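I opened the model and kept notes on what I looked up, in the order I looked.

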Amino acid sequence: MVTAFITVSHKVDGMARPLLKWAGGKRQLLHEIITRLPSGFSNYWEPFFGGGALFFSISEEFCAHSYTISDINSVLCLFYETVRDKPMDLAEYLAGIEYHNTPSEYYEARSRFNLLDGKANPVEKSGLLIYLNRHCFNGLYRVNSHGEFNVPFGSYISPRMPGRNQIMEASKCLSRSTILNRDFQDILTEAEEGDFVYLDPPYEPVSQSSSFTAYSKEGFNRDQQKRLSSMLWELDNKGVKFLLSNSGNEYLEELYSAFKIVKVGARRNINSKGNSRGNVKEILVTNY
Ligand SMILES: C[S@@+](CC[C@H](N)C(=O)[O-])C[C@H]1O[C@@H](n2cnc3c(N)ncnc32)[C@H](O)[C@@H]1O
């Protein structure tokens with residue numbers, strides 16, 4: 001049974017905002033994505049959740065039977081569980097956080113974050129994730145081969161931390177969601193006819209120097225892109241609708257050529273130093 005409906009005339013301003021800056025975050029493309037969402041579906045699935053720009057902007061408008069969001073990044077999933085289940089504790093921790101906007105305090109917070117067991121201390125771990133995300137270089141999340149967060153200090157003049165209201169708003173959006181920490185393939189096998197999946201996998205680099213695909217130590221290479229494309233065929237065969245966003249390039253356009261592809265423009269960082277921005281083409285791929 002298809003019951004979720006959304007209003008596509010929706011404005012981006014005034015919607016719930018993502019709590020984290022995330023490489024590849026879709027805030028700039030929201031309008032293009034929202035106008036192309038299917039008008040009705042049963043269950044909502046988002047297996048590459050990241051900062052969740054689309055979910056936070058529209059979840060209040062959905063009345064799907066269920067919402068399943070997932071990401072391979074376990075710290076990120078713990079963070080969203082904490083926002084959903086302990087928003088007041090998290091807001092209180094952030095209001096009293098002892099780290100300020102200096103390199104020494106940043107590196108102290110980073111060491112503490114890497115040592116901290118998130119299962120035993122979910123509020124502190126999640127609060128530190130927000131602090132690091134807002135004070136690190138370009139809001140990146142990057143880990144070394146031991147899985148330790150290693151992004152340098154960002155030198156922002158006055159980084160803004162989310163306040164209590166923004167946390168409560170995000171918590172409300174997440175309150176109806178199942179949050180999983182799994183590979184996309186595990187999640188997608190569970191989607192059924194009449195469901196909708198929004199997929200925003202790591203980008204194919206737009207140039208040799210822009211490999212921003214290593215959100216986790218596993219990375220996302222062409223074998224993963226192929227694995228994802230065969231999952232799309234499985235979804236299509238089951239009668240599941242999907243919308244996938246990615247960078248536009250010949251390889252991906254060929255990989256998805258059997259589906260409907262539209263090209264849209266987006267401004268984003270185009271090199272690994274994050275100091276060069278440009279207009280790049282993104283593709284939106286749908287099977288409806
Ligand atoms: C482009 S980002 C998603 C951005 C998100 N749409 C937003 O608005 O912020 C891609 C996400 O995919 C996750 N990811 C990478 N490989 C994955 C895998 N094999 N399974 C599930 N998630 C994965 C990364 O951790 C990252 O958060």
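**Overall.** I noted first that this is a predicted model. I counted 10 helices and 7 strands in the protein chain. Of its 288 residues, 38% are buried. I then looked at contacts with a separation of 6 or more, and 73% of them join residues 24 or more positions apart.

**H9.** I took helix H9, residues 222-238, and checked its length. Its 17 residues reach 25 Å from first C-alpha to last, close to the 24 Å expected at 1.5 Å a residue. Which residues of H9 are buried? I found Leu-228, Met-231, Leu-232 and Leu-235. Viewed down the axis of H9, these buried residues fall within an arc of 110°, so they line one face of the helix. An α-helix has 3.6 residues a turn, so residues three or four places apart point the same way. I turned to the face of H9 directed away from the buried side and listed Arg-222, Asp-223, Lys-226, Ser-230, Trp-233 and Asn-237 as exposed there. I also looked for what covers the buried residues of H9, and the cover includes helix H8 (184-188), strand S4 (196-199) and strand S5 (241-247). Just after H9, I noted a positive phi of about 85° at Gly-239.

**H5.** I repeated the length check on helix H5 (103-115). The 13 residues of H5 should span 18 Å at 1.5 Å a residue, and its end C-alpha atoms are 18 Å apart, which agrees. In H5 I found Tyr-106, Ala-109 and Arg-110 buried. They cover an arc of only 105° around the axis, which puts them on the same side of H5. On the other side of H5, I recorded Ser-104, Ser-111 and Leu-115 as exposed. What do the buried residues of H5 pack against? They pack against H6.

**H6.** I moved on to helix H6, residues 122-135. Its 14 residues reach 20 Å between the first and last C-alpha, close to the 20 Å expected. The buried residues of H6 are Ser-126, Gly-127, Leu-128, Leu-129, Ile-130, Tyr-131, Leu-132, Asn-133 and His-135. I found H3, helix H4 (87-95) and H5 among the elements that cover them.

**H3 against H7.** I compared the axes of helix H3 (residues 74-85) and helix H7 (residues 164-174), which come within 7 Å and cross at roughly 100°. That makes H3 roughly perpendicular to H7. On the H3 side I listed Tyr-80, Val-83 and Arg-84 in the contact, and on the H7 side Ile-167, Ala-170, Ser-171 and Leu-174. I sorted the residues of this contact into 5 nonpolar, 1 polar and 1 charged.

**Asn-165.** I stayed in helix H7 for Asn-165. Is Asn-165 buried or exposed? I counted 9 C-beta neighbours inside 10 Å, so Asn-165 counts as exposed. Asn-165 and Met-88 are 77 residues apart in sequence, and I noted 9.9 Å between their C-alpha atoms.

**Gly-25.** Phe-49 is 24 residues from Gly-25 in sequence and 9.4 Å from it in space, C-alpha to C-alpha.

Methods. Residues numbered from 1 in each chain as written. Predicted model: local features only at pLDDT ≥ 70, side-chain atom pairs only at ≥ 80, totals over all residues. Axes fitted to C-alpha atoms, helices over the stretch in contact; angles between N-to-C directions. Helix = DSSP H or I, 4+ residues; strand = E, 2+ residues; numbered from the N terminus. Parallel < 35°, antiparallel > 145°, perpendicular 65-115°, else oblique. Contact = placed C-beta atoms within 7 Å. Nonpolar A, V, L, I, M, F, W, Y, C, P; charged D, E, K, R; others polar. Expected span 1.5 Å × (residues − 1). Buried ≥ 20, exposed ≤ 12 C-beta atoms within 10 Å, placed from the backbone. Arc of directions from axis to C-beta.
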